[in-house]
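This report goes through one protein model for a reader who is new to it. The sequence and the structure come first, and the description follows.

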Amino acid sequence: MIQLRASRTTMLAVALFFASPHCAWADDAEEKPGERPLIEVSLISAPKRAGDFVLGQSSYDPQTKHAGAGFRYVHPDHKAVRLDVFVYPAGEMPEKKALERGMADFMRSFDAGVQMKYYHDLTVVGREPFVIAPQPSAHSDGDKDASPELLAALAGKAIEGERVDLRYRIHMEDTGENVMMRSRGYLFYKQLYYFKGRISAAESLVDQTTYNALTDQAMRELVQAIDVRNVGGCARSQITLDSSLLDRKDDGKSISVALAQSLVENASRNCFDTLSDAKREGARKAETITIEYDADDWKSQ
């Protein structure tokens with residue numbers, strides 16, 4: 001029998017594990033198809049204000065719910081910069097796969113914009129990873145008995161994404177001018193949804209250094225602040241652990257870390273069993289868009 005050291009953080013991980021409705025070791029785990037759709041309802045909440053950014057408008061069309069919701073923010077000192085965040089369904093998949101799939105579609109959308117003559121002379125200036133650090137955890141409270149690995153696991157995961165830098169020209173029909181634009185696209189996978197940022201401004205209205213700092217700041221604050229609460233079969237979580245962890249003679253540290261990682265991963269989907277539970281967790285000063293799905297919408301998941 002493995003004895004765990006009685007640190008507060010370790011015992012928290014163990015307590016959460018045994019409180020979970022679905023716990024299994026890898027050798028005994030069985031996948032059972034859920035009767036409920038993956039997501040029945042999603043509540044997408046965007047704060048009225050996040051840091052220096054103020055919500056200007058939101059959009060959602062129930063007829064094209066696969067396109068999700070859109071939110072436009074403004075910065076009081078940089079009103080010429082358009083800050084748009086689009087939140088649309090992705091489904092349940094490994095994070096790396098989600099980003100690969102999402103970025104492939106995102107890059108194709110730029111070519112589509114050229115074909116539709118929305119803009120001209122499109123140039124992809126650069127493309128690179130963009131990581132949003134996790135917010136401070138309530139469990140990082142100085143528990144000296146907890147290992148650094150356990151504290152790191154409980155601290156949560158960074159939100160990994162990509163950033164694309166673009167330049168293109170837009171023809172302004174009212175003035176007849178051809179305006180060169182700076183634009184950045186960002187993509188993240190969070191809470192079973194894609195979070196896509198598009199931030200654009202005329203080069204003549206904002207310098208590159210200011211633009212770069214403003215856009216990165218906007219994404220770090222807005223992607224963290226905008227919240228998706230899902231109701232459906234995704235609320236059924238199963239924690240699966242490798243049975244070889246039982247053989248490690250490390251006072252149960254490996255088990256505690258594995259438990260914490262699984263619990264944080266399950267929590268990151270932000271799924272609830274009932275709509276009332278999901279509504280209770282919503283922020284007060286936020287614009288909330290409700291997307292109701294049909295059972296067939298998630299058959300492929």
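The model is predicted: local features need pLDDT of at least 70 and side-chain atom pairs count only at pLDDT 80 or more, while totals for chains, interfaces and linings use all residues. Residues are numbered from 1 along each chain as its sequence is written, and side-chain values use heavy atoms, with hydrogens and water left out.

**Chain and core**

The protein chain has six helices and 14 strands; these are DSSP runs numbered from the N terminus, helices being H or I with at least four residues and strands E with at least two. Of its 301 residues, 44% are buried, where buried means under 20% relative accessible area, exposed over 50% and partly exposed in between (1.4 Å probe, protein chains only). Among contacts (heavy atoms within 4.5 Å) with a separation of 6 or more, 75% join residues 24 or more positions apart.

The largest nonpolar core holds 57 residues. Such a core is a set of buried Ala, Val, Leu, Ile, Met, Phe, Trp, Tyr and Cys residues joined through side-chain atoms within 4.5 Å. Those with the most contacts inside it include Ile44, Phe71, Val87 and Ile226. Beyond its neighbours within four places in sequence, Val87 is in contact with residues including Ile44, Phe71, Tyr193, Phe195 and Ile226. Another core, of five residues, lies apart from the largest one, and Leu43, Val231, Phe272 and Ala278 are among its members.

**Salt bridges**

Side chains of opposite charge can pair when their charged atoms come close. The whole structure has 18 salt bridges, each a side-chain nitrogen of Lys or Arg within 4 Å of a carboxyl oxygen of Asp or Glu. Three of them are listed here.

| Glu92 | Arg269 | 2.4 Å |

Glu92 sits in the loop between β6 and α2 and Arg269 in the loop between α5 and β13, 177 residues apart. Glu92 is partly exposed at 39% relative accessibility, whereas Arg269 is buried at 11%.

Asp216 is buried at 13%, and Arg163 is buried at 10%. Both residues also belong to a network of salt bridges that links them with Glu128, Asp165 and Arg184.

Arg167 lies in strand β8 and Glu203 in the loop between β10 and α4, so their pair ties together parts 36 residues apart in sequence. Arg167 is partly exposed at 35%, and Glu203 is partly exposed at 21%.

**Aromatic pairs**

The count of aromatic pairs is seven. Rings of Phe, Tyr and Trp (its six-membered ring) pair if their centres lie within 6.5 Å; planes under 30 degrees apart count as stacked, over 60 as edge-to-face and the rest as tilted. Phe106 and Phe110 form a tilted pair, 5.0 Å centre to centre with 45° between the planes. Both lie in helix α2, four residues apart, about one turn of the helix. Phe106 is buried at 3% relative accessibility, and Phe110 is buried at 1%. Elsewhere, ring pairs link Tyr88, Tyr189 and Tyr194 into a cluster.
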